[in-house]
Amino acid sequence: MTVDTKKETYLNFINGSWTASTSGEVMPSLNPANNDDIVGYVQMSTKEEIDDAATAAKEAQKSWKKLSGNDRGGFLYKAADILESRLEEIAECMTREMGKTFPEAKGETARGVAILRYYAGEGLRKEGDVIPSTDSSALMFTSRVPLGVVGVITPWNFPVAIPIWKMAPALIYGNSVVIKPAQETAVTCAKVMECFEAAGFPAGVVNMVTGPGSVIGPALTDNPNVNAITFTGSNGVGKVIGQGCLARGAKYQLEMGGKNPVIVAADCDIDLAVDATISGAFRSTGQKCTATSRVIIEEAVYETFKEKLLKKTAEITVGDGLKEGIWMGPSASENQLNTVLHYIEKGKEEGATLLAGGNRLKGEGFDSGYFVEPTIFENVTSEMTIAQEEIFGPVIALIQVNNLKDALHIANDVDFGLCASIFTSNIQNMLSFIEDMEAGLIRINSESAGVELQAPFGGMKQSSSHSREQGEAAKEFFTSIKTIFVK
Ligand code: NDP
């Protein structure tokens, strides 16, 4: 491949040094809003670099785990300060690499800073329990211990927040890390890694290897020096990783897709429900695992809700997320755009009615990017593909129901169970939803979205391997428990 030498080439970070892959190959990272813009080149690594990183991480973890939690936290605080000082630059890189708007990218980077600080503080919190023994001359207690080396495999849709919400808890509890970021956003991850380097983590404690998931993903999952894998991404890849880890007895955590419903009850604040649906469905171009993809509406307010939704959707400005006034950016890659267009065609073929959007945007400002219109279907039934499969784009399906019992039934009638919202002013409706909705994140009178960083995050059913990330819940995955009996 011809490399544009004016653009920066990013290296792997292994054992405290920036090194090129032995493959000698690099891949360009392209701006999905403008393919003529090469953000940088990243290494197309091989199993060899994964093996080197895992070996370095194993060695480094031996002394990293001996530091006090307070000392480990000191490195995380430093990384947070450095990331904060580079917030605008890293957010701009994120927008160029995967297309979300600059304000959203800044918000995500700020969240990365807050997560680092949250877990830095965790180094001073309790790490075990004293349990009364039936033997009065014995002391029985538990101690949380690190797992060893944690392999981190991340997607492109939150290229700062997801790596950090996995690496920060892994590190504070005394593990070392090898991260393999999504190829599409490897430059942004390299910049996060620069912040970790500048924070002075000992060599080998944090390592990054970039390259094709189909090659270096299995090399990481199957590496005998890697004790656990934490993964966020698609269900197909997640299942393969889970099976690989299970086969060799490694711990694993999988956070995967969603098909998130919003229920609009007849008694709700309609304007609030409309605004939240637009934001939940179309922010980040619908490329959030918690994005709204099905809107289930009681018939009494169906027409009013639809009319207001269409009016507001027509006001959405689509374009390059770095430009002032743009509300929705492009799909993150050509692949992703094609997936979205495929589902739009599927919706039409299966008899849903296209109410808005449905097309790739063309013309000045759009031709060299992957822009698609915000898209709304109606007359959707629960059996249709667009009501069952994750689209990961700005497409929603409106489903009309007679009552809330039917709404809840349809909301649960999918394989996924990540996030679900209801808009209602009736307390009984809220309580029924909390009790009967099969989802890990329940939101009432608020858009489908992730939750605050100090609260558990994760899904039910096919959306996760049933552990939780973030907040205190992260401790369950990133540590093991020793039970100690002293006589
Ligand atoms: P993928 O599953 O395709 O990729 C995720 C990561 O896995 C990437 O780093 C990828 O590398 C890597 N990978 C690919 N093949 C393998 C393999 N055989 N073994 C190990 N690793 C591999 O997902 P996307 O990046 O396309 O992200 C979109 C998906 O992620 C959506 O389905 C979405 O719902 C889900 N997601 C879930 C979230 C959650 O918290 N529940 C949050 C965000 C996204 P490479 O990039 O090189 O292919």
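Tutor: A residue is called buried when its relative accessible area is under 20%, exposed when that area is over 50%, and partly exposed in between. Keep in mind, as we apply these words, that this is a predicted model.

Student: Why is Thr232 called buried?

Tutor: Thr232, which is found in strand 10, has a relative accessible area of 9%. The cut-off for buried is under 20%, so Thr232, at 9%, is buried.

Student: What makes the pair of Thr232 and Lys166 a polar contact?

Tutor: A polar contact needs a pair of N or O atoms within 3.5 Å, and within protein one of them must be able to donate a hydrogen and the other to accept it. The side chains of Thr232 and Lys166 are joined at 2.9 Å, and the pair therefore counts as a polar contact.

Student: Why does Val113 count as buried?

Tutor: Val113 is found in helix 4, which covers residues 102-122, and its relative accessibility is 3%. As for its position relative to another part of the chain, the C-alpha atoms of Val113 and Lys58 are separated by 27 Å, and the two residues are 55 apart along the chain.

Student: How do you know that Gly40 counts as buried?

Tutor: The relative accessibility of Gly40, a residue of strand 5 (residues 34-43), is 0%. Because buried means under 20%, Gly40 counts as buried. From C-alpha to C-alpha, Gly40 is 9.8 Å from Thr5, while in sequence the two are 35 residues apart.

Student: Why does Asn445 count as partly exposed?

Tutor: Asn445 is placed in the loop between strand 19 (441-444) and strand 20 (460-461), and its relative accessibility is 29%.

Student: What is the phi of Asn445?

Tutor: Asn445 has a positive phi of about 55°, although it is not a glycine. Most residues other than glycine have a negative phi. Lys461 is another residue other than glycine with a positive value, its phi being near 50°.

Student: Where is Lys461 placed, and why does Lys461 count as partly exposed?

Tutor: Lys461 is placed in strand 20. Its relative accessibility of 26% falls between the 20% and 50% limits, and therefore Lys461 counts as partly exposed.

Student: Which residues come nearest to the ligand?

Tutor: There are 30 residues around the ligand, and those that come nearest are Thr154, Gly213, Ser234, Met256 and Glu390. In Glu390, a polar side-chain atom lies 2.5 Å from an oxygen atom of the ligand, and for Gly213 a polar backbone atom is 2.7 Å from a ligand oxygen. A polar backbone atom of Ala182 is 3.4 Å from an oxygen atom of the ligand. On its own the ligand has 900 Å² of accessible area, of which the protein covers 86%.

Student: Which helix supplies the largest share of the shell around the ligand?

Tutor: Helix 7 does, with four residues. Helix 7 (213-221), strand 10 (228-232) and helix 8 (235-248) each supply at least two residues of that shell, whose members by class are 16 nonpolar, 11 polar and three charged. The space that the ligand takes is the largest pocket.

Definitions and conventions. Residues numbered from 1 in each chain as written. Predicted model: local features only at pLDDT ≥ 70, side-chain atom pairs only at ≥ 80, totals over all residues. Heavy atoms only, no water. Near = heavy atom within 4 Å. Areas by Shrake-Rupley, 256 points an atom, 1.4 Å probe, with all protein chains shown as cover. 1 Å grid on protein atoms, 1.4 Å probe; cavity = no way out; pocket = protein on both sides within 12 Å on 5 of 7 lines; lining within 4 Å. Sits in = over half its atoms within 2 Å of the grid points. Nonpolar A, V, L, I, M, F, W, Y, C, P; charged D, E, K, R; others polar. Buried < 20%, exposed > 50% of the residue type's maximum accessible area, 1.4 Å probe, protein only.
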